[in-house]
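Hi,

Here is the structure for your files. Please look it over before you read my notes below.

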Amino acid sequence: MINGGIKVLLLALAVGLLGVGAQTAGAASSGLTVSPTSFDVELKPGASYKGEMLVINQSELDYSYKVYATPYSVTGEDYQPYFSPIKDAIDITKWFTLGKTTSDLKVGNQDTIPFTITVPEGTGAGSYYATIFAETEDKGSMGVVTRKRVGSIIYLRVSGNAIEKSKIQEWNLPLLQEAPMKGDLKIANEGSVHFTSKVKVTVSDLFGGVKYAHERDPKVIPQKVRNVPVIWENGATFGLFKVDGEVTSFGKTEKLPTKIVFIANWPMRLLTLALLLGFVGTVVFLGRKRAGRKK
């Protein structure tokens, strides 16, 4: 049996490895904003969609602004937005009719921008993207003109024979980390239409208590890989944790491999190592002492 001193040491290690999580609240933004920030639309070739974008003035100034549509695409796994036409790609802004292209908006008021999307007959099945922007022009005291714009992304799926195929390409979560805990989940779209994944990741202590729950609904564009960062902001600074998760795409759920993470800075890692070595040494010493008494 393990004596009382070793029990105390084990208890101290267990308590130290439990860790404590925390959550933060985001700050509200101000200025010219739009709502919603995106539209997800599915149409048949030859069909039309009528929508409305709200432009809201939450600043302390009156604004004059213009409305226009641009293509939308992304670059890199972190999905940096790109709003210029792509060579040989279909520019769907030609399918748009905007109900308003300029307006004046006073403080605290909002405008409704109606728009219509008409998909031409014969358009192939797949996903197409654009952004509707509201842009202001501000002339500073030195005569410098600055432009600010906000927009809604249009995710348009043209129905027909399309390929729906998603894949978890990588789930990377290093064993040894310093706070905040960070991981990378890479989701690949190997099909011809975009999809929204439901990502759920939970961090638990040694006794199964959930310390942090991370949920995101990232969109993944065809023939692209999206990196979905998993960060435990303001979380535990010391502890041993189990990380589980799942990803749902096109109605199918795939479990992520369970990961074990030890969060500690270098001084705490050295202290933990010293405690573990001391524990092992004590067990070996007592074992040899007990064996010597039996002889």
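A word on confidence to start: pLDDT is the predictor's confidence in each residue, on a scale from 0 to 100. You will need that here, as this is a predicted model. The average pLDDT of the protein chain is 86. A score of at least 70 is reached by 86% of the residues. One stretch to treat apart is residues 1-30, where pLDDT is below 50. In the model, that stretch has 42 contacts beyond near neighbours in sequence.

Now the overall picture. The protein chain holds 21 strands and two helices. It has 295 residues, and 37% of them are buried. Take the contacts with a separation of 6 or more: 69% of these link residues 24 or more positions apart. The accessible surface is about 17000 Å². Carbon and sulfur atoms account for 55% of that surface.

One residue I looked at in detail is His194. It sits in the loop between β14 (182-189) and β15 (195-196). Is His194 buried or exposed? Its relative accessibility is 6%, so His194 counts as buried; the cut-off for buried is under 20%.

Its side chain has polar partners. The side chains of His194 and Ser127 form a polar contact of 2.7 Å. Another polar contact, at 3.4 Å, runs from the His194 side chain to that of Tyr129.

Which residues does His194 contact, leaving aside neighbours within four places in sequence? Ser127 and Tyr129 are on that list too.

Best wishes

Note on methods:
Residues are numbered from 1 along each chain as its sequence is written. This is a predicted model: local features need pLDDT of at least 70, side-chain atom pairs count only at pLDDT 80 or more; totals for chains, interfaces and linings use all residues. Side-chain values use heavy atoms; hydrogens and water are left out. Helices (H or I, at least four residues) and strands (E, at least two) are DSSP runs, numbered from the N terminus. Buried means under 20% relative accessible area, exposed over 50%, partly exposed in between (1.4 Å probe, protein chains only). Contact means heavy atoms within 4.5 Å. Accessible areas come from the Shrake-Rupley method with a 1.4 Å probe; for residues, only the protein chains shown count as cover. A polar contact is a pair of N or O atoms within 3.5 Å; within protein, one must be able to donate a hydrogen and the other to accept it, and residues adjacent in sequence count only if both atoms are side-chain atoms.
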